[in-house]
Amino acid sequence: MEEKKSAREVAINYFLDEIKYGNLKPGDKILNERKLSEKLGISRIPLREAISTLSTLGILEAYQGNGTYVSVNSNGILASIIRKYGIFNRSMIDEVFEARILFEADAAMLAAKNRTDDNLRDLKEALSQHENALASYFEGKTTAKQMMEYDNKIHLAIAVCAHNNFILQITEAIRYVTMEHGFFNGEFTINREHFKQSATIHREIATAIEKQNSEEAYRKMQEHIKQISSALDLEMIRKKENEELS
């Protein structure tokens, strides 16, 4: 018996099929949310989720006040890869952390090999900003969302050190999903000390990058991603996702 597709998967399949078979071409504007939700027989929440996912991957492009368009860079090959290897069927949070372990560990490894002195200076500045904000966070003066913005600067600085534009773009996309969904904004946090713990391991990763120890940078980044994953109530996130997509 075929497994029933979620509403998000129905919407994503629709867009990928339309692109694959040429019904939607690069530069074409998609229907508005009301018409699409009626056409697909789903609510607007999972429809927006699908559009957001495809926008993050660069297949769709949303313009404030002017609708959403098929990206001029989209193509059938990318659509087939995405369909085959999976933005469906599983929780977004699980996919995010799997992707982060893969791409950000590789980014740290390459950063240790390819970083420049200027890259190191920018990375250390991002580390200092994050660390300086910790005290105000625990005093309630800085929000978790603001802390994540500081954290984001560190991880992007590491990706920049790698000197690989593809890895940088993938890292930015993954971080965008994390920020957009507010996974670390407090609602799902079970370990409020994770920002402090992250500050410690950020320094260890940066030290490995500075010493050009690629194996240590890789290992520490994997350790870091697992550490921050354990700070969240993943089951609660999965439950909320399922409610929104049903």
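Where does Gly58 lie? Gly58 sits in the loop between helix 3 (44-56) and strand 1 (60-63). Before I go on from there, a reminder that this is a predicted model.

Staying with Gly58 for a moment, its relative accessible area is 27%, so it is partly exposed.

Now the overall layout. The protein has 11 helices and two strands. Reading from the N terminus, the order of elements is α-α-α-β-β-α-α-α-α-α-α-α-α. There are 246 residues in the protein, and 46% of them are buried. If you take contacts between residues at least 6 apart in sequence, 74% of those contacts join residues at least 24 apart.

Next, the cores. In soluble globular proteins, nonpolar side chains tend to be buried together. Here the largest nonpolar core has 41 residues. The members that touch the most other members are Phe97, Leu123, Ile158, Phe183, Ile209 and Leu232. At least two residues of this core come from each of helix 5 (92-114), helix 6 (117-138), helix 7 (144-161), helix 8 (165-181), helix 9 (194-210), helix 10 (214-229) and helix 11 (234-245). Helix 5 gives the largest share, nine residues. There is another core apart from this one, with 19 residues, including Ile19, Leu40, Ile42 and Leu47.

On to helix packing. Two packed helices are described by the angle between their axes and the distance between the axes. I have two pairs to show, and helix 7 takes part in both.

What is the angle between helix 5 and helix 7, and how far apart are their axes? The angle is about 55°, and the axes are 7 Å apart. Helix 5 and helix 7 are therefore oblique to each other. Their crossing is left-handed. On the helix 5 side, the contact is made by Arg100, Glu104, Ala107, Ala108, Leu110, Ala111 and Asn114. On the helix 7 side, it is made by His155, Ile158, Ala159 and Cys161. By type, the residues in the contact of helix 5 with helix 7 are seven nonpolar, two polar and two charged.

The second pair is helix 6 with helix 7. These pack at an angle of about 165°, with the axes 9 Å apart. That angle makes helix 6 roughly antiparallel to helix 7, because the cut-off for that class is over 145 degrees. This crossing of helix 6 and helix 7 is left-handed as well. Helix 6 contributes Asn119, Leu123, Ala126, Leu127, Gln129, His130, Ala133, Leu134 and Tyr137 to the contact. Helix 7 contributes Ala144, Met147, Tyr150, Asp151, Lys153, Ile154, Ala157, Ile158, Val160 and Cys161. The residues of this contact divide into 14 nonpolar, three polar and two charged.

Now some individual residues. Is Asn119 buried or exposed? Its relative accessibility is 10%, and the cut-off for buried is under 20%, so Asn119 counts as buried. Asn119 is in helix 6. Leaving aside neighbours within four places in sequence, its contacts are Asn114, Val160, Cys161 and His163.

That brings us to His163, in the loop between helix 7 and helix 8. Its phi is near 55°, which is positive in a residue other than glycine. At 48% relative accessibility, His163 counts as partly exposed.

Gln212 is another non-glycine residue with a positive phi, about 55°. Gln212 is in the loop between helix 9 and helix 10. With a relative accessibility of 43%, Gln212 counts as partly exposed.

Last, Ala99 in helix 5. Its relative accessibility is 19%; buried means under 20%, so Ala99 counts as buried. Again leaving aside neighbours within four places in sequence, Ala99 is in contact with Glu104 and Ile174. Ala99 and Ile174 are 75 residues apart in sequence, with a C-alpha to C-alpha separation of 7.4 Å.

Conventions
Residues numbered from 1 in each chain as written. Predicted model: local features only at pLDDT ≥ 70, side-chain atom pairs only at ≥ 80, totals over all residues. Heavy atoms only, no water. Core = buried A, V, L, I, M, F, W, Y, C linked by side-chain atoms within 4.5 Å. Buried < 20%, exposed > 50% of the residue type's maximum accessible area, 1.4 Å probe, protein only. Helix = DSSP H or I, 4+ residues; strand = E, 2+ residues; numbered from the N terminus. Axes fitted to C-alpha atoms, helices over the stretch in contact; angles between N-to-C directions. Parallel < 35°, antiparallel > 145°, perpendicular 65-115°, else oblique. Left-handed = near helix turned anticlockwise from the far one by under 90°. Contact = heavy atoms within 4.5 Å. Nonpolar A, V, L, I, M, F, W, Y, C, P; charged D, E, K, R; others polar.
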